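Q: I have a structure open here and would like to go through it piece by piece. Can we start?

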Amino acid sequence: MELLTIGAFSKACRLSPKALRLYDELELLRPTRVDPDTGYRYYAVEQLERARLVAWLRRLGMPLASIRQVCALPPAAAAREIRAYWARIERETAVRRDLAEFLVDHLTAEPRKDTAMLELRYCARSDTGRVRPANQDTAYAGTRLLAVADGCGPAGALASSAAVEALKFLENEELPAGSVLNLLEEAVRGATEAVRDVAGGSDTVGTTLTALLWTGSRLALVHIGDSRAYLLRDGGLFRITHDHTVVQSMIDEGRLTPEEATTHPHPALLLKALSGGTPAIPDLKLHDALPGDRYLLCSDGLSGVVPDARITHLLSTAPTPDTAVHTLITEANTAGGPDNVSCVVADVVETTA
Ligand code: MN
């Protein structure tokens, strides 16, 4: 076997001797031989390929622990890991992109030039479904706040109602210009603390929370978990939330196809929720409201059993939020009603007064 000194190996793989010594200590790339007297490191020519892979993975920004894992795998499995790593990065970047957009929107908000004043017409309803012994969902709608929460664990019902209850101060709060960030921060903190109190330190008790706060011309979205928000605009249904589930992250990472996901044994296993465990940060977004928009918030008791195409049809043909909510819940129960089902529907309308 041809052995290279660390200097020669360093030149050949374009990694500095300092980096090579670090990789040795981190067990990413051990020298083939270390001279027992001098401590000099020697590398085999065959190790160049691995050294280059380590260098490229470092350039990708992959953490050392993951690089070690990738390097120990055969090529096909290593490729899968790199793809999954990158999907996670893109997902995290997307969340940060939304936050950046939210801040840009917030800071560039101009008073509406058109004279139309907008308001919400809304309806909220929660149903136990046909299988579960109790309802752990909470649904709420008011003039400024729309919310759905899906509790889990022994105190799930308390957790979901505590989360929504903690947001209700938003109903009474006048919205001074430029205070949206304060209010959202307060809302997120309030809901997080309320759920933590209920859970009493147990991370098996928690809740999803998907809420829209009306600001007069926009809706601020707060979202964590797998309840969903949809917007029906010009006949098209747009989902404006991303499920924080293990299954969704596996789809994002290319480990599971959407078809395989439909038969996954634990489709509702959450990646993020409000719970007694590690605090998690909800996604935030701002949406411009247009007259004619119809928003739907729902728990997975609806989205898990009624396909999007059917939701679109029922939502776009119902004359009022009230009929929409009733029709959707009936549809979920007709499909077996395996879970608690909650729906909030709100129409953006021009103020008539
Ligand atoms: Mn549920």
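Q: Which domains is the protein chain divided into?
A: This is a predicted model. The chain is split into domain 1, residues 3–74, and domain 2, which is made of 98–107 + 115–352.

Q: How far apart are the C-alpha centres of the two?
A: The C-alpha centres of domain 1 and domain 2 are 49 Å apart.

Q: OK, the metal. What are the protein donors of the manganese ion?
A: Asp150, Asp300 and Asp339, each through an OD atom. These donors lie 2.1 to 2.2 Å from the manganese ion.

Q: What spacing do they follow along the chain?
A: The pattern is D-x149-D-x38-D. Asp150 sits in strand E6 (residues 145–152) and Asp300 in helix H11 (residues 300–303), so this pair links distant parts of the chain, 150 residues apart.

Q: Is Asp150 buried or exposed?
A: Buried, because its relative accessible area is 10% and the cut-off for buried is under 20%. Asp300 is buried as well, at 17%.

Q: Changing topic. Which residues form the nonpolar patch on the surface?
A: Leu99, Leu103, Leu107 and Leu181. Together they have about 350 Å² of accessible area.

Q: Which helix gives the largest share of the patch?
A: Helix H5 (residues 75–107), with three residues.

Q: And where is Leu181?
A: Leu181 is in helix H8, which covers residues 180–199. Its relative accessibility is 33%, so Leu181 counts as partly exposed.

Q: Now rings. How many aromatic pairs are found in the whole structure?
A: The search finds two. One of them is Phe9 with Tyr43: the ring centres are 4.3 Å apart and the planes are at 10°, so the pair is stacked.

Q: Which parts does that pair tie together?
A: Phe9 belongs to helix H1 (residues 6–13) and Tyr43 to strand E3 (residues 41–44), so the pair ties together parts that are 34 residues apart in sequence.

Q: Is Phe9 buried or exposed?
A: Phe9 is buried, with a relative accessible area of 0%. Tyr43 also has 0% relative accessibility and counts as buried.

Q: Next, charges. How many salt bridges does the structure hold?
A: There are 16 salt bridges. In general, side chains of opposite charge can pair when their charged atoms come close.

Q: What does Arg30 meet in a salt bridge?
A: The side chain of Asp24, at 2.8 Å from N to O. Arg30 is partly exposed, with a relative accessible area of 46%, whereas Asp24 is buried at 8%.

Q: Which residues are linked with Arg30 in a network?
A: Asp24 and Arg41 are linked with Arg30 in a network of salt bridges.

Q: What about Asp98, which side chain does it meet?
A: Asp98 meets Arg97 in a salt bridge, with 3.5 Å from N to O. Asp98 is buried, at 16% relative accessible area, and Arg97 is partly exposed, at 47%.

Q: One more of those. What does Arg310 form a salt bridge with?
A: With Glu331, and the closest N and O atoms are 2.7 Å apart. Arg310 lies in helix H12 (residues 308–317) and Glu331 in helix H13 (residues 321–334), so the pair ties together parts that are 21 residues apart in sequence.

Q: How accessible are those two?
A: Arg310 is partly exposed, with a relative accessible area of 34%. Glu331 also counts as partly exposed, at 22% relative accessibility.

Q: Last topic, the backbone. What is the phi of Arg14?
A: Arg14 has a positive phi of about 60°, although it is not a glycine. For context, most residues other than glycine have a negative phi.

Q: Where is Arg14 found?
A: In the loop between H1 and helix H2 (17–25). Arg14 is exposed, because its relative accessible area is 76% and exposed starts at over 50%.

Q: And the phi of Glu27, what is that?
A: Glu27 has a positive phi near 60°, and it too is a residue other than glycine. Its place is in the loop between H2 and strand E2 (33–34). With a relative accessible area of 48%, Glu27 is partly exposed.

Conventions. Residues are numbered from 1 along each chain as its sequence is written. This is a predicted model: local features need pLDDT of at least 70, side-chain atom pairs count only at pLDDT 80 or more; totals for chains, interfaces and linings use all residues. Side-chain values use heavy atoms; hydrogens and water are left out. Donors are N, O and S atoms within 2.8 Å of the metal (3.2 Å for Na, K and Ca); water is not among the atoms, so sites may look incomplete. Helices (H or I, at least four residues) and strands (E, at least two) are DSSP runs, numbered from the N terminus. Buried means under 20% relative accessible area, exposed over 50%, partly exposed in between (1.4 Å probe, protein chains only). Patches are made of residues with over 30% relative accessible area and no salt bridge: like charges are joined within 9 Å, nonpolar side chains (Val, Leu, Ile, Met, Phe, Trp, Tyr) within 5 Å. Accessible areas come from the Shrake-Rupley method with a 1.4 Å probe; for residues, only the protein chains shown count as cover. A salt bridge is a side-chain nitrogen of Lys or Arg within 4 Å of a carboxyl oxygen of Asp or Glu. Domain bounds come from an automatic or database domain assignment. Rings of Phe, Tyr and Trp (its six-membered ring) pair if their centres lie within 6.5 Å; planes under 30 degrees apart count as stacked, over 60 as edge-to-face and the rest as tilted.
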